[in-house]
Number of protein chains: 2
Amino acid sequence: MSTATALQAKIINGVNVSALSDTIAAVKGDPTIAKFNFRATNKWMGGDRNRSTIGQFSGALQEHRVDGKTFDFENGEHPVLLGADRAPNPVEWLLHALIGCMTTTTAYHAAARNIAVEAIDSQIEGDLDLRGFLGISPEVRNGYNAIRVRMRVKTKADTAAIKALTAMSPVFDTVSRSVPVTVDIETY
Amino acid sequence: MSTATALQAKIINGVNVSALSDTIAAVKGDPTIAKFNFRATNKWMGGDRNRSTIGQFSGALQEHRVDGKTFDFENGEHPVLLGADRAPNPVEWLLHALIGCMTTTTAYHAAARNIAVEAIDSQIEGDLDLRGFLGISPEVRNGYNAIRVRMRVKTKADTAAIKALTAMSPVFDTVSRSVPVTVDIETY
């Protein structure tokens, strides 16, 4: 998507701002470039275990990772939730996705605004009441009822400016504003 | 949380249903047992790279993984999104969390209902319009605008029954119904 080479590129926060500007210009010229479709497959391995494969995706009018490259990761559950703790559980993975997205977004958007960031360290936690999942209390939701993020950022920008950047995060937007999830089941 | 031993336990779908029943009984007796708090820390490594550490959590009136055991995973971005594709990106990790949670939930809740499940294979995809993240179109959201799940389940139960089980998933609940995310920023 970029015509800027490494030699001539402007790099801020490790982000190629020249390429980012090229991307914005390209998307303004043709909004269909902005349409992305991300995918995963998953296979249950019994009990608490399942494995996702993340590979090909589309965006910028192309398919990517078409060489067969994949990332493969398991979900598990801790013994207190009747598993063997071979991998994080899904609600822990969600925290990884959210805090990672807020961090990347801060680095990228700060770069686009010419704000140097030297370090980002953060903590995230979520409260979950198992009475929802166990079907004991209909008024208790099954998922997280609250998530809290604390982020320390080494930068000359003020806290309000940085907080506004974190809120641009796609995963932050997805979980804090909800997304429709369509579910199609086939049994055999 | 369980008094059932492996020898006497009833196992369905690889899930210890005796222990699950014990858990439900315990939570009914003392709802504070149901309160869980999951956590991660994250460190930015420059550009598209950051690393989460998932360790200790609380639940069932105890702290768990107190021996220092952690799971460590990176976030990355593909070159089309100005990274080096060292790891899935955060919106891909979200799909892993969601499909894994729906799978585990189906296996556990089927077991609790005495429904045998022999296989679960699924596909998940999400649509994202980068015009939101790039700040080009205020009316375009930054996160996913739609997520679709297709799940094939080998079981004698009907599709409606299985679909109802998938909807019990904590991550499904979190992303399809939204959760408040509090963000506290410190700069230095």
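1. In this predicted model, the side chains of A:Arg141 and B:Asp173 form a salt bridge, with 2.7 Å from N to O. Across the interface of chain A and chain B, 16 salt bridges are found by the rule. The rule also finds 76 residue pairs in polar contact across this interface, both residues being at pLDDT 80 or more.

2. On the side of chain A that touches chain B, the largest share comes from α2(A), which supplies 19 residues. By class, that side of chain A comprises 62 nonpolar, 37 polar and 29 charged residues.

3. The extent of the interface may be stated as follows. Contact involves 128 residues of chain A and 128 residues of chain B. Between the two chains an area of about 11800 Å² is buried, and carbon and sulfur atoms give 61% of it. In chain A, the residues that lose the most area to chain B are A:Phe38, A:Trp44 and A:Tyr188; together they account for 7% of what that side buries.

4. Helix α2 of chain A (residues 90–112) packs with helix α5 of chain B (residues 170–177) at an angle of about 40°, and their axes are 8 Å apart.

Definitions and conventions:
Residues numbered from 1 in each chain as written. Chains lettered and ligands numbered in written order. Predicted model: local features only at pLDDT ≥ 70, side-chain atom pairs only at ≥ 80, totals over all residues. Heavy atoms only, no water. Axes fitted to C-alpha atoms, helices over the stretch in contact; angles between N-to-C directions. Helix = DSSP H or I, 4+ residues; strand = E, 2+ residues; numbered from the N terminus. Contact = heavy atoms within 4.5 Å. Buried area = accessible area lost by both parts, 1.4 Å probe. Salt bridge = Lys/Arg side-chain N within 4 Å of Asp/Glu carboxyl O. Polar contact = N/O pair within 3.5 Å; in protein donor to acceptor, adjacent residues only side chain to side chain. Nonpolar A, V, L, I, M, F, W, Y, C, P; charged D, E, K, R; others polar.
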